[in-house]
Amino acid sequence: MGTTQVKKMLFILSKATIENVYAAFVMANGARMEGIESEIFFTFFGLEAIQKKKLEHLHVATVGNPAMHMPTMLGGLPGVEALATKMMKKEMEKLDMPAVGEFLEILSDSGCKLWACKLAVDMFHLKREDLIDELDGILTIGDFYSRADQEGTHLLFI
Amino acid sequence: MKKVIAQSEIDVNEEGYLLDFQQWNKKIAEELAKEHNISLTDKHWEVIDYIQDKYKNEEPLSVRGIKNSGVLDIKEFYGLFPGGPLKVSTLIAGIPKPKSCI
(Lines give C-alpha, C1' and ligand atoms only; values in the text may rest on other atoms or scores of the structure.)
Protein backbone atom coordinates (compact mmCIF):
# COMPACT_ATOMS: atom_id res chain seq x y z
CA MET A 1 0.00 0.00 0.00
CA GLY A 2 1.22 3.48 -0.87
CA THR A 3 1.20 6.59 1.26
CA THR A 4 -2.13 8.41 1.28
CA GLN A 5 -2.45 11.86 -0.28
CA VAL A 6 -5.24 12.68 2.19
CA LYS A 7 -3.90 14.99 4.89
CA LYS A 8 -7.06 16.30 6.51
CA MET A 9 -10.71 15.14 6.56
CA LEU A 10 -13.49 17.61 7.35
CA PHE A 11 -16.90 16.05 8.02
CA ILE A 12 -20.24 17.84 8.11
CA LEU A 13 -22.74 15.72 10.02
CA SER A 14 -26.32 16.86 9.39
CA LYS A 15 -28.25 13.78 10.52
CA ALA A 16 -28.85 12.11 13.87
CA THR A 17 -29.68 8.56 12.88
CA ILE A 18 -27.28 6.05 14.39
CA GLU A 19 -26.03 4.80 11.05
CA ASN A 20 -25.04 8.30 9.93
CA VAL A 21 -23.52 9.34 13.24
CA TYR A 22 -21.39 6.19 13.44
CA ALA A 23 -20.35 6.55 9.81
CA ALA A 24 -18.97 10.00 10.60
CA PHE A 25 -17.35 8.87 13.86
CA VAL A 26 -15.69 5.77 12.42
CA MET A 27 -14.30 7.71 9.46
CA ALA A 28 -13.09 10.59 11.63
CA ASN A 29 -11.46 8.23 14.12
CA GLY A 30 -10.04 6.07 11.34
CA ALA A 31 -8.40 9.15 9.87
CA ARG A 32 -6.68 9.96 13.17
CA MET A 33 -5.51 6.36 13.46
CA GLU A 34 -3.79 6.78 10.08
CA GLY A 35 -2.16 10.03 11.13
CA ILE A 36 -4.63 12.11 9.10
CA GLU A 37 -6.14 15.21 10.72
CA SER A 38 -9.92 15.15 11.18
CA GLU A 39 -12.68 17.50 12.30
CA ILE A 40 -16.48 17.20 12.52
CA PHE A 41 -18.97 20.07 12.06
CA PHE A 42 -22.33 19.19 13.62
CA THR A 43 -25.26 20.93 11.97
CA PHE A 44 -29.05 20.63 11.94
CA PHE A 45 -30.11 17.23 13.28
CA GLY A 46 -26.47 16.24 13.60
CA LEU A 47 -26.46 18.46 16.69
CA GLU A 48 -28.40 15.76 18.53
CA ALA A 49 -25.21 13.72 18.62
CA ILE A 50 -23.48 16.35 20.78
CA GLN A 51 -26.39 17.32 23.05
CA LYS A 52 -25.76 15.90 26.50
CA LYS A 53 -29.40 14.93 26.99
CA LYS A 54 -29.93 13.37 23.58
CA LEU A 55 -26.74 11.70 22.46
CA GLU A 56 -27.37 8.34 24.08
CA HIS A 57 -30.90 8.17 22.66
CA LEU A 58 -30.25 8.19 18.92
CA HIS A 59 -32.20 5.81 16.72
CA VAL A 60 -31.79 3.91 13.50
CA ALA A 61 -34.25 5.02 10.78
CA THR A 62 -36.84 2.32 10.06
CA VAL A 63 -39.11 4.45 7.88
CA GLY A 64 -37.96 5.47 4.43
CA ASN A 65 -34.92 3.22 4.66
CA PRO A 66 -35.16 0.52 1.95
CA ALA A 67 -32.17 -1.34 3.40
CA MET A 68 -34.23 -2.25 6.48
CA HIS A 69 -36.16 -4.65 4.23
CA MET A 70 -39.46 -4.07 5.97
CA PRO A 71 -42.62 -2.39 4.67
CA THR A 72 -42.62 1.35 5.44
CA MET A 73 -45.94 1.02 7.30
CA LEU A 74 -44.48 -1.63 9.59
CA GLY A 75 -41.44 0.55 10.30
CA GLY A 76 -43.79 3.24 11.58
CA LEU A 77 -45.53 1.04 14.17
CA PRO A 78 -44.85 1.87 17.82
CA GLY A 79 -41.78 0.10 19.18
CA VAL A 80 -40.37 -1.04 15.84
CA GLU A 81 -37.77 1.70 15.67
CA ALA A 82 -36.76 1.08 19.29
CA LEU A 83 -36.41 -2.65 18.63
CA ALA A 84 -34.34 -2.14 15.49
CA THR A 85 -32.14 0.32 17.38
CA LYS A 86 -31.63 -2.13 20.24
CA MET A 87 -30.64 -4.89 17.84
CA MET A 88 -28.20 -2.67 16.02
CA LYS A 89 -26.59 -1.48 19.25
CA LYS A 90 -26.16 -5.09 20.33
CA GLU A 91 -24.36 -5.94 17.10
CA MET A 92 -22.13 -2.90 17.45
CA GLU A 93 -21.23 -3.80 21.01
CA LYS A 94 -20.06 -7.19 19.73
CA LEU A 95 -17.63 -5.35 17.46
CA ASP A 96 -16.36 -3.34 20.44
CA MET A 97 -17.94 -0.15 19.10
CA PRO A 98 -18.19 2.44 21.87
CA ALA A 99 -21.46 4.18 22.74
CA VAL A 100 -21.92 7.69 21.31
CA GLY A 101 -20.70 9.51 24.45
CA GLU A 102 -17.60 7.36 24.81
CA PHE A 103 -16.88 7.63 21.08
CA LEU A 104 -16.94 11.44 21.34
CA GLU A 105 -14.44 11.24 24.21
CA ILE A 106 -12.18 8.98 22.14
CA LEU A 107 -12.41 11.34 19.16
CA SER A 108 -11.60 14.37 21.27
CA ASP A 109 -8.67 12.62 23.00
CA SER A 110 -7.41 11.51 19.59
CA GLY A 111 -7.17 15.11 18.46
CA CYS A 112 -10.30 15.19 16.29
CA LYS A 113 -11.80 18.69 16.52
CA LEU A 114 -15.54 18.88 17.25
CA TRP A 115 -17.49 21.96 16.16
CA ALA A 116 -21.16 22.97 16.43
CA CYS A 117 -22.82 24.99 13.65
CA LYS A 118 -23.77 28.45 14.90
CA LEU A 119 -26.84 28.80 12.70
CA ALA A 120 -28.28 25.46 13.81
CA VAL A 121 -27.45 26.12 17.48
CA ASP A 122 -29.39 29.40 17.25
CA MET A 123 -32.24 27.79 15.36
CA PHE A 124 -32.74 25.05 17.97
CA HIS A 125 -32.27 27.60 20.82
CA LEU A 126 -29.38 25.63 22.30
CA LYS A 127 -26.90 26.94 24.84
CA ARG A 128 -23.24 26.01 25.21
CA GLU A 129 -24.05 24.05 28.36
CA ASP A 130 -26.54 21.87 26.44
CA LEU A 131 -23.60 20.59 24.38
CA ILE A 132 -20.83 18.18 25.36
CA ASP A 133 -17.84 19.48 27.29
CA GLU A 134 -15.41 18.15 24.65
CA LEU A 135 -16.79 20.57 22.04
CA ASP A 136 -14.03 22.80 20.61
CA GLY A 137 -16.37 25.66 19.75
CA ILE A 138 -19.35 27.02 17.83
CA LEU A 139 -18.49 28.08 14.27
CA THR A 140 -20.12 29.59 11.22
CA ILE A 141 -19.81 27.59 8.02
CA GLY A 142 -17.30 30.20 6.84
CA ASP A 143 -15.14 29.53 9.89
CA PHE A 144 -15.35 25.83 9.15
CA TYR A 145 -14.22 26.31 5.55
CA SER A 146 -11.20 28.15 6.84
CA ARG A 147 -10.22 24.91 8.63
CA ALA A 148 -9.47 23.55 5.14
CA ASP A 149 -6.07 25.18 5.32
CA GLN A 150 -3.76 22.72 3.59
CA GLU A 151 -3.25 20.63 0.46
CA GLY A 152 -4.90 17.24 0.67
CA THR A 153 -7.93 18.45 2.66
CA HIS A 154 -11.25 16.77 1.87
CA LEU A 155 -14.74 17.75 2.91
CA LEU A 156 -17.55 15.25 3.29
CA PHE A 157 -21.26 15.89 3.90
CA ILE A 158 -23.18 13.22 5.78
CA MET B 1 11.42 -8.58 1.85
CA LYS B 2 14.77 -8.66 3.65
CA LYS B 3 15.89 -5.69 5.68
CA VAL B 4 19.19 -5.18 7.47
CA ILE B 5 18.80 -3.31 10.73
CA ALA B 6 20.79 -3.15 13.99
CA GLN B 7 23.32 -5.64 12.59
CA SER B 8 20.66 -8.26 11.91
CA GLU B 9 18.65 -9.33 8.93
CA ILE B 10 14.88 -9.36 9.34
CA ASP B 11 11.95 -10.29 7.10
CA VAL B 12 9.38 -7.55 6.64
CA ASN B 13 6.29 -6.98 4.50
CA GLU B 14 5.95 -4.12 2.00
CA GLU B 15 4.80 -1.76 4.79
CA GLY B 16 7.81 -2.61 6.93
CA TYR B 17 6.10 -4.85 9.51
CA LEU B 18 8.10 -7.83 10.79
CA LEU B 19 6.87 -11.15 9.45
CA ASP B 20 8.37 -13.21 12.28
CA PHE B 21 8.21 -11.93 15.84
CA GLN B 22 11.10 -14.29 16.78
CA GLN B 23 13.43 -11.99 14.84
CA TRP B 24 12.49 -8.98 16.98
CA ASN B 25 14.72 -7.58 19.70
CA LYS B 26 15.06 -4.30 21.57
CA LYS B 27 17.90 -3.03 19.39
CA ILE B 28 15.73 -3.53 16.31
CA ALA B 29 12.85 -1.72 18.02
CA GLU B 30 15.10 1.25 18.74
CA GLU B 31 16.21 1.43 15.11
CA LEU B 32 12.63 1.09 13.79
CA ALA B 33 11.55 3.85 16.18
CA LYS B 34 14.34 6.10 14.87
CA GLU B 35 13.00 5.64 11.35
CA HIS B 36 9.79 7.25 12.69
CA ASN B 37 11.73 9.98 14.51
CA ILE B 38 10.91 8.49 17.89
CA SER B 39 13.48 7.86 20.60
CA LEU B 40 12.12 5.26 22.97
CA THR B 41 11.52 6.22 26.61
CA ASP B 42 10.46 4.04 29.55
CA LYS B 43 6.82 4.90 28.76
CA HIS B 44 7.25 3.72 25.17
CA TRP B 45 8.63 0.40 26.44
CA GLU B 46 5.69 0.03 28.80
CA VAL B 47 3.32 0.44 25.85
CA ILE B 48 5.34 -1.96 23.69
CA ASP B 49 5.20 -4.59 26.48
CA TYR B 50 1.46 -4.09 26.75
CA ILE B 51 0.71 -4.48 23.05
CA GLN B 52 3.06 -7.45 22.71
CA ASP B 53 1.22 -9.13 25.59
CA LYS B 54 -2.08 -8.49 23.83
CA TYR B 55 -0.66 -9.98 20.65
CA LYS B 56 0.67 -13.08 22.42
CA ASN B 57 -2.75 -13.60 24.04
CA GLU B 58 -4.39 -13.14 20.62
CA GLU B 59 -6.48 -10.24 21.90
CA PRO B 60 -7.40 -7.62 19.27
CA LEU B 61 -5.85 -4.17 19.63
CA SER B 62 -7.94 -1.03 19.35
CA VAL B 63 -7.80 2.59 20.45
CA ARG B 64 -10.70 1.86 22.79
CA GLY B 65 -8.67 -0.98 24.29
CA ILE B 66 -5.80 1.44 24.95
CA LYS B 67 -8.24 3.76 26.74
CA ASN B 68 -9.24 0.93 29.07
CA SER B 69 -5.73 -0.53 29.41
CA GLY B 70 -4.74 1.39 32.54
CA VAL B 71 -1.27 1.80 30.95
CA LEU B 72 -1.86 5.18 29.31
CA ASP B 73 -4.66 7.34 27.97
CA ILE B 74 -5.42 8.07 24.33
CA LYS B 75 -3.86 11.54 24.37
CA GLU B 76 -0.57 10.13 25.66
CA PHE B 77 -0.73 7.35 23.08
CA TYR B 78 -1.01 9.88 20.22
CA GLY B 79 1.76 11.91 21.83
CA LEU B 80 4.17 8.98 22.12
CA PHE B 81 3.62 7.57 18.62
CA PRO B 82 2.77 10.44 16.26
CA GLY B 83 1.42 9.68 12.80
CA GLY B 84 -1.04 6.93 13.77
CA PRO B 85 -0.23 5.38 17.16
CA LEU B 86 -1.54 1.83 16.66
CA LYS B 87 0.14 1.58 13.27
CA VAL B 88 3.47 2.95 14.46
CA SER B 89 3.60 1.20 17.85
CA THR B 90 2.85 -2.22 16.42
CA LEU B 91 5.50 -1.78 13.73
CA ILE B 92 8.10 -0.94 16.40
CA ALA B 93 6.87 -3.79 18.62
CA GLY B 94 7.44 -6.27 15.77
CA ILE B 95 3.83 -7.42 15.55
CA PRO B 96 1.36 -7.23 12.63
CA LYS B 97 -0.59 -4.05 11.87
CA PRO B 98 -4.01 -4.31 13.57
CA LYS B 99 -6.97 -4.89 11.27
CA SER B 100 -9.26 -2.81 13.48
CA CYS B 101 -11.21 0.22 12.18
CA ILE B 102 -11.81 1.51 15.72
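What follows is a short chat about a predicted model with chains A and B.

Biologist: What sort of model is this?

Modeller: It is a predicted model.

Biologist: How many residues does each chain put into the contact?

Modeller: Chain A supplies 14 residues and chain B supplies 15 residues.

Biologist: Which elements of chain A give two or more residues to the side that touches chain B?

Modeller: Those are helix 1 (18–33) and helix 4 (100–109) of chain A. Helix 1 of chain A gives the most, with four residues.

Biologist: And by class, what is on that side of chain A?

Modeller: The side of chain A that touches chain B has six nonpolar, five polar and three charged residues.

Biologist: Stay with helix 1 of chain A. How many residues does it have, and what distance does it reach?

Modeller: Helix 1 of chain A has 16 residues and reaches 22 Å from first C-alpha to last. That is close to the 22 Å expected at 1.5 Å a residue.

Biologist: Which of its residues are buried?

Modeller: In helix 1 of chain A the buried residues are Val21(A), Tyr22(A), Ala24(A), Phe25(A), Ala28(A), Asn29(A), Ala31(A), Arg32(A) and Met33(A).

Biologist: What covers them?

Modeller: From chain A, the cover includes strand 1 (8–13), strand 2 (37–42) and helix 4. From chain B, it includes helix 3 (63–67) and helix 5 (85–93).

Biologist: What comes just after helix 1 of chain A?

Modeller: Gly35(A), which takes a positive phi of about 80°.

Biologist: Switching to chain B. How many helices and strands are there?

Modeller: Chain B has five helices and two strands. Along the sequence the pattern is β-β-α-α-α-α-α.

Biologist: Why call chain B as compact as a globular protein of that length?

Modeller: Because its radius of gyration is 13 Å, close to the 13 Å that the globule rule gives for 102 residues. The C-alpha atoms of chain B fill a box of roughly 35 × 25 × 20 Å along the principal axes.

Biologist: What share of chain B is buried?

Modeller: Of its 102 residues, 27% count as buried. As for contacts in chain B between residues at least 6 apart in sequence, 51% join residues at least 24 apart.

Biologist: Where do helix 1 and helix 5 of chain B meet?

Modeller: Ala29(B), Leu32(B) and Ala33(B) in helix 1 of chain B meet Leu91(B), Ile92(B) and Ala93(B) in helix 5 of chain B. The residues of that contact are six nonpolar, no polar and no charged.

Biologist: At what angle do the axes cross?

Modeller: The axes of helix 1 (residues 26–35) and helix 5 of chain B cross at roughly 145° and come within 8 Å.

Key. Residues numbered from 1 in each chain as written. Chains lettered and ligands numbered in written order. Predicted model: local features only at pLDDT ≥ 70, side-chain atom pairs only at ≥ 80, totals over all residues. Contact = placed C-beta atoms within 7 Å. Nonpolar A, V, L, I, M, F, W, Y, C, P; charged D, E, K, R; others polar. Rg over C-alpha atoms; globule rule 2.2 N^0.38 Å. Buried ≥ 20, exposed ≤ 12 C-beta atoms within 10 Å, placed from the backbone. Expected span 1.5 Å × (residues − 1). Axes fitted to C-alpha atoms, helices over the stretch in contact; angles between N-to-C directions.
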